[in-house]
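Subject: Structure handover

Dear colleague,

Here is the structure you are taking over. Please look through it before reading the notes below.

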Amino acid sequence: MVDAEIEAETATDQFGAGDIVRDSVQDERVIVLEQTEAVATEYYLLETQCTVAQCRKNKREWADDPVVEAVYESDVRRVFGDDWFTGDVLMAYDEGTLEDKMTRYRFPSGRLEVIVED
């Protein structure tokens, strides 16, 4: 049990606002808005009437992972064009105007992968 607790603690610091990571299920890049303190089994989504852990594309092993709020890069490009900066996205998120422009998604952190450039 101690190893699992240590692993969970390090996972909470895994992603920061503005990080660009890969959604391993959709194989698409996403921009992190924030990593919450709630785990997937506790984060209830009103729009789908289930927790993040219960969403059909999320694996059972991610159930205790912290929830990360993010937007798909393809949506960012559609709204901001090709010359966007992560600061544009984070500013719209902080101002509360982002959801007027694109969908905000919640993922268990285990679903997201750091992008390693060659």
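Predicted model: local features only at pLDDT ≥ 70, side-chain atom pairs only at ≥ 80, totals over all residues.

Residues are numbered from 1 along each chain as its sequence is written, and side-chain values use heavy atoms, with hydrogens and water left out.

Overall fold

The protein has 4 helices and 7 strands; helices (H or I, at least four residues) and strands (E, at least two) are DSSP runs, numbered from the N terminus. Their order from the N terminus is α-β-β-β-β-β-α-α-α-β-β. The protein has 118 residues, of which 40% count as buried. Buried means under 20% relative accessible area, exposed over 50%, and partly exposed in between, with a 1.4 Å probe and protein chains only. Of the contacts (heavy atoms within 4.5 Å) between residues at least 6 apart in sequence, 69% join residues at least 24 apart.

Largest pocket

The largest pocket has a volume of about 330 Å³. A pocket, on a 1 Å grid over the protein atoms alone, is an open set of points where a 1.4 Å probe fits, with protein on both sides within 12 Å along at least five of seven lines; lining residues have an atom within 4 Å of a point. Grid points are joined across faces, edges and corners, and the volume is the space filled by probe spheres set on the points. The lining has 15 residues, and those closest to the pocket centre are C55, Y105, R106, F107 and R111. Strand β6 (residues 105–108) gives the most to this lining, with 3 residues. By type, the lining consists of 5 nonpolar, 4 polar and 6 charged residues. Here Ala, Val, Leu, Ile, Met, Phe, Trp, Tyr, Cys and Pro count as nonpolar, Asp, Glu, Lys and Arg as charged, and the others, Gly among them, as polar.

Aromatic rings

There are 3 aromatic pairs in the structure. Rings of Phe, Tyr and Trp (its six-membered ring) pair if their centres lie within 6.5 Å; planes under 30 degrees apart count as stacked, over 60 as edge-to-face and the rest as tilted. Y72 and F107 form an edge-to-face pair, because their ring centres are 5.9 Å apart and their planes stand at 90°. This pair links distant parts of the chain, with Y72 in strand β5 (residues 66–72) and F107 in strand β6, 35 residues apart. Both Y72 and F107 are buried. Ring pairs join Y72, Y105 and F107 into a cluster.

Cysteines

The whole structure contains 0 disulfides, a disulfide being a pair of cysteine sulfur atoms within 2.5 Å. For C50, the nearest cysteine sulfur is that of C55, 3.7 Å away, which is too far for a bond. C50 is buried, at 12% relative accessible area.

Buried residues in the helices

E73 lies in helix α2 (residues 73–80) and is buried, at 10% relative accessibility. Beyond four places in sequence, E73 touches R29, V30, I31 and W84. D75 is also found in helix α2 and is buried at 15%; beyond four places in sequence, D75 touches M102, T103 and Y105.

L90 is in helix α3 (residues 86–95) and counts as buried at 18%. Leaving out neighbours within four places in sequence, L90 is in contact with A17, G18, V32 and L33.

Regards
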